[in-house]
Structures are given as structure tokens and as C-alpha cells.
Amino acid sequence: MTETLLEIDRLSVDYETARGDLKALRDISFDVRKGEIVGIVGESGCGKSTLISSILRLTAPNTRFRQGEVRFKGQDLLQATERQMRDLRGADISIVFQDPMQTHNPVLTIGQQMLDIQHRSKDSKADKLARAAKMLGAVGIPDPEARLAQFPHEFSGGMRQRIAIAMALMSEPDLLIADEPTTALDATLEVQIIERLQELQQEFDCAILFISHHLGVIAELCDRVVVMYAGAVIESGDVREIFHDPKHPYTRRLIDCDPGHIKERARVLPTIPGEVPDLANLPGGCIFRDRCEQAMARCATDVPPLTQLKQGHHAACWLNHEEANT
Amino acid sequence: MEKSRSELGQIVVGVSRDPLGLMGLIIVGTIVFCAIFAALIVPYDPVGMNIKDRLQGPSFSHLLGTDQLGRDTFSRVIMGGQVALKVALPAVFGAMAIGLTLGMIAGYGPKWLDNLLMLFFDTIRSFPTVMFALAVVALVGPSLQTVVVVVMATSIPTYGRVARTQTLTLRNSEFILAERSMGASMKRILGVHMLPNIIGVLAVLAAMDIPTVIALEAGLSFLGLGVKPPTPSWGALLKDGYSLIRQTPWLVVGGGLPIILATLGFTFLGESLRDVVDPKLRKQR
């Protein structure tokens, strides 16, 4: 059993709004072990971004942490001071954002920006630049020394994302958070970036928390996967387990809807009917009940707990409980 | 340092490629050159009177004629340029520096501070500049410093507001979030990442603001509220010429033409600068 790096323990996060509290995350628990790639899947608005900003504590002012802990190497980040958080960000935990066209300062050259993120290091400017060039080379930017003098707008989207990855890995973090890093790119680039991430993960031995709604990418890249729905974890486990034997109807539907999974030519792509429940006014019982074809009487009254079904496979659905079958 | 010099060189080259920008550069360059070396250029003492040669037209000895006290108008125009820049540059750069600082604080700081600073800006803006200048001059008396302070105080809100808006936009941009997630402190975000994004806009604003300030100084001097009489100023020249326009029109030309040229020159330069300093546009040029 390898060491646990990041441990999210019963985390609940609300947004205070004029309509009342928006329950963005409810009772989230999962962990990321050292050197492991964990994927988080879920449709838009399921709380993925809230989760990331909670880990880094870069949340909007109206965010309220209601309960739970985010432990990184044993330290509860929700209790850490702003100073401690700042030392952690970009050093032990790095992040790659979704849109590479927006993540670089438009008026500074790539070299200046890569110098800037090494502000903690006491090395000479030349050493820092050499390291920046080496990192750019590692992510596959040709002629990195000359490229350092260029501005972000002189790079293509795929190159910019690779530069963002280079910047994130610069400090050799223990945990890299990748927030849908391939969503804004086209399919060929997506493959390139994923392969590059895999290689770099081997090389730097960092854990990756990979957020995506692309199941194919998750299956390709991750060791374990966490499926989120409307701010809660509904299933988690080994990637193979989840994809071959999903235990929650939502996961099953999600896999059926994945374009890569559809074998026959279809006129209309399959979707999951219905809508995500209003987070400010949550219904009782199971959150997926309204969209679930197998919903039972019990689903309307009791919230299904996330229970362990096998070693390393958890799901939150009454269908997996004995009494459901009687 | 090497780097920024080549950057400056790039900007100069960019501006001179644009015909209007080149014209602005030449006019502004001439004005600045004349102002710096005014003492060497002037053929006569700009405040030295020579009653015998009063109110003469242009001649080889007096290029733009003389005024009612026999002072050489050309010398006074050159010296007036120095006075105009002495007012405009400190006022504009002072206002820019203060406005930038306050604007960034308003944009990045807490809401209450933002509200307080905006109230401050709006209060200053609600005074008509000339009325404000009249009041200040009535209190402390006319002088070069008074004009500088009045102009600076009244233009701080303009820079402050622009800096604040830019800061607010940048604050929520993804790359600033990216910097924060890489552990950048507030000082680093403001100084390294936001400042270069804001300064270009403000520099352009400043270049466009200089002619306004020159015109304002001339206006105040015209009203007798600017620099004190013996000191030559374009506005004072205009005022002297205005009362004597029937006898000799040269005084009005001497005072008016430099104001027009300075306004045109700085405006052309400012507009050209705006296109050049934007790195997103730079590539297409």
C-alpha cells in the first residue's frame, strides 16, 4: 500500500447566494496516493471546479466550508494559513487549466513568465532560463531557447497547453491537478497531450488529479476514477472495475452516452434525459432518482450511502443493497 | 536593461512606420529639443525689454517680431515651450503614477476601499477644472507649481478610473488565477503581472493628455492665473497678442501656432503609440 498524498474527507462546500445556500459539494470523500493518476468525471456543474478550488483554497468569496477536511501529506489545508497555502501552491501542488488561450499573461514573454514562477529559487537568471528551456524541451516544444523570447500569442493552442504543463511541472510538484486540460483542444492534440502527460508522470513521479468529462481519456490515463453527480461522489474505484462493471445507473448511462462507446451508427446521440437537480433546493432521497429508470420507493426517501462493494469499488445506490432485491 | 532598450527601439520603429506617428514623433521631438536647449537657441533674452523696437513685424533680427515691450517673440515662444513642458510632464506623470496606484488599490483591494476611492475620484471630477484652478490660485497665488498641482489633482481620477477598470478585468482573468494557483503573492501579481498589462494603456492616455494639459496651462495663463507675467508662456503670449491684434497679429500667431502644433504632435504620437504597444496587434504590423 503506497502512501496517501491527498485525502478528501467528508468535504461539504456551500455557496452563499441570494437564493439561499447552494450545496455545491456534499460529503465528498476520496484519496489520491503517491504517484497515482486519479480521474474525476462528471457533467458540467457537478462540482468538479469547486472541488479543485477548494483543494487550492482559491475559492470565491461566498464559499463556505461546512464540514470535512482536505488533508495533503497529513496537513488539513482548510485550516492552513494563507501564507502556508501560498507556499504550497505551485510548489507541492500545481495546476493546469482548461483553456490554454487564457492562462498566460499576454504582455510577458514565455521566458519572463517561466522566470517568474521560479521566484522561490535563489539560482541565477541564467540557470533559471536554462531550466525553463529544458522543461519546454521536455514537453516537446522545438527550439526552446529561441521560443522563450516569444509572447503567448505566437504559439498555437496545443503548444500553449504544453507550456502550461511545463510551467506546472517546473517545481516538480507532488500533485498535479489537471482541470480538463484537453477540452479546449482538438482530438489529435488531445492524444498528444495525454501521451505527454503519461510520459511526464513516469518521469517526475507525481500524482495527477485529472478532471475530465471525456471517459475515453480517463480510461486511457487513469488508475482510479471518481464519478461525481450534482456535487456528490456516486461511484469510485479502479478504472477497469468502473468501466466493465459500473454499479451506479448514472455511471452506466454515462458510459452508454460516450461517443467512443457507441458501436452502431445512430441518428441521434444518446443522452440521459432529465436535468441535474437544483443545488439550492435539493430533493430528499437519491439525487439521481428523477433521471433513473430503476428508481424504487426507497430512493425517494433515503439518501443512498457510498458503500464499499468490493475492495476499492464504492457506489452510492440502493440497487446494490440486499433489501432492494427483495 | 538590454532587453527593455530593444523594446523601446521596437516601439520607436513601429511608430515611425506610421506616417501620422512619424509626424507626431518629429513635432514632439522638435518641441522637446527646443525646450531642453532653449537657453542656447534663443537669440535674445526672452524677458529683456527694448522699448525702442516695440511691436515690430517679422524681420531677420526678430523672426516673429516683438511685443509691446520690445521683447523678441521667437525667444519667448521657445522659452514658452520649456514652460509648457515643465507644467505638462510633471503634472501628467505625477497624475499617472498616483492614479495608477490608487486605481490598482481600488480594483484589487476590498470593496469598501474601492467605494471610498471612487467617491474620492468622483468628488474631484465634479469640480470644473477651471473653477477649481481659480479657487486654488485665489488662495495661494499664481505660480508654475500651482498650475502643476491643480492639473495633477484634476487628472488623477481619469488615470485612476482606467487603472481600476483594467485591474478589475484582469483580476478575474484566468491567467491571474493561474498565477495565484502557482503561489504568487499579491505583490507579485500586482507588480509583475498586472502592471505591464495596465501601463501601456495609461502611457497612451498620458500621451493624449499632454496636449490637454498644455492647452489648460495656456488657458490659465491667458486668464492671468498661470505662470507669473515676466515668465514667457504660450498662453500669456496669446493674451498679450489678443489685446494688440489690430496693431500686430504676430503675437497671436506666436502664441497660438505652438499650441496647435503641440496638440497635434502629441495626439498623433499617442494614437500611433496605442497601436504599437499592444502586443496582440504588434505581430500584424
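Guide: A residue is buried if 20 or more other C-beta atoms lie within 10 Å of its own, exposed if 12 or fewer, and partly exposed in between, with C-beta atoms placed from the backbone. By that count, 43% of the 326 residues of chain A are buried. The model is predicted: local features need pLDDT of at least 70, side-chain atom pairs count only at pLDDT 80 or more, and totals for chains, interfaces and linings use all residues. Residues are numbered from 1 along each chain as its sequence is written, while chains are lettered from A and ligands numbered from 1 in the order in which they are written.

Visitor: Why is chain A called as compact as a globular protein of its length?

Guide: Chain A has 11 helices and 12 strands, these being DSSP runs numbered from the N terminus (helices: H or I, at least four residues; strands: E, at least two). Its radius of gyration, taken over C-alpha atoms, is 21 Å, close to the 20 Å of the globule rule for 326 residues, so the description holds. That rule is 2.2 Å times the number of residues to the power 0.38.

Visitor: What makes strand 2 and strand 5 of chain A edge strands?

Guide: Two strands pair if DSSP finds at least two bridges between them. The open sheet has the order 2-1-4-5, with antiparallel pairing; strand 2 (20-33) and strand 5 (75-76) each pair on one side only. Two bridges join strand 4 (residues 63-72) to strand 5.

Visitor: What makes helix 4 of chain B mostly covered?

Guide: In helix 4 of chain B, 26 of the 36 residues are buried.
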